[in-house]
Amino acid sequence: MPALYRSLLVLLLLALGACASMPGRDPLQVTVAGIEPLQGQGMELRMTVKLRVQNPNDAAITYNGVSLEMDVQGKSFASGVSPEGGTVPRFGETVISVPVTISAFRMIRQAIGIMQGDGTRKIQYEMKGKLSGSTFGTNRFSTKGEFDLPAGTAPAGAG
């Protein structure tokens, strides 16, 4: 029996060494390519978020599911998942659709926060998610940014 344990230990160490020696990959570049409305239920808003995923690596990325979380002004805003699968070609890009849900309470909370803001017209957002692949093939992404509120929608106190 000890020989079996030693063999398993050697195999485990070899596998870990192989993972550690894999060349690093550059992170995926993910941006919002579009948003389309969906039919909601009760107290929620549903949208399809179209993500443009760019792969700056020399190997294609195959995925079989997508998850997405969006924060606005540092607070959770929307989330969604999709069983969509496909491939992002090497040094290429693709557009992936993910249905997301926003509760009415989150929308109200965000609107009140913006209206009670410090007069700034900038809205900060963060988008995090993953393209699921095999056990070692999951690709996580994260992007942050900000945009200006349109004229005429400045928060209270702005002038």
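Select Arg 52 and Glu 93: their side chains meet in a salt bridge, with an N to O distance of 2.9 Å. This is a predicted model.

Next, select Glu 36 and Lys 50. Here too the side chains form a salt bridge, at 3.0 Å from N to O. Glu 36 sits in strand β1 and Lys 50 in strand β2 (residues 44-55); the two are 14 residues apart and lie in distant parts of the chain. The relative accessibility of Glu 36 is 38%, which makes this residue partly exposed. For Lys 50 the value is 26%, and this residue is partly exposed as well.

Move on to Asp 71 and Lys 128. The salt bridge between their side chains spans 3.9 Å, N to O, and the cut-off for such a pair is 4 Å. Asp 71 is in strand β4 (residues 66-72) and Lys 128 is in strand β8, so the pair ties together parts 57 residues apart in sequence. Are these two residues buried or partly exposed? Asp 71 is buried, because its relative accessible area of 14% falls under the 20% limit. Lys 128, with 31%, is partly exposed. By the rule used here, the count of salt bridges comes to three.

Now hide the side chains and colour the strands. In which order do the seven strands of the open sheet run? The order is β1-β2-β7-β5-β4-β8-β9, with antiparallel pairing. Go to the edges, where β1 (29-38) and β9 (139-148) stand; each has a single partner strand, so one side of each is left without a neighbour in the sheet. Looking from one strand to the next, the twist averages 25°.

For the last stop, select strand β8 (residues 122-131) together with β9. These strands pair in the antiparallel sense over ten bridges. Within this pairing, pick Tyr 125 and look across to β9: the residue opposite is Gly 145. Lys 128, from the salt bridge with Asp 71, is in strand β8 too.

Methods: Residues numbered from 1 in each chain as written. Predicted model: local features only at pLDDT ≥ 70, side-chain atom pairs only at ≥ 80, totals over all residues. Heavy atoms only, no water. Pairing = 2+ DSSP bridges. Helix = DSSP H or I, 4+ residues; strand = E, 2+ residues; numbered from the N terminus. Axes fitted to C-alpha atoms, helices over the stretch in contact; angles between N-to-C directions. Buried < 20%, exposed > 50% of the residue type's maximum accessible area, 1.4 Å probe, protein only.
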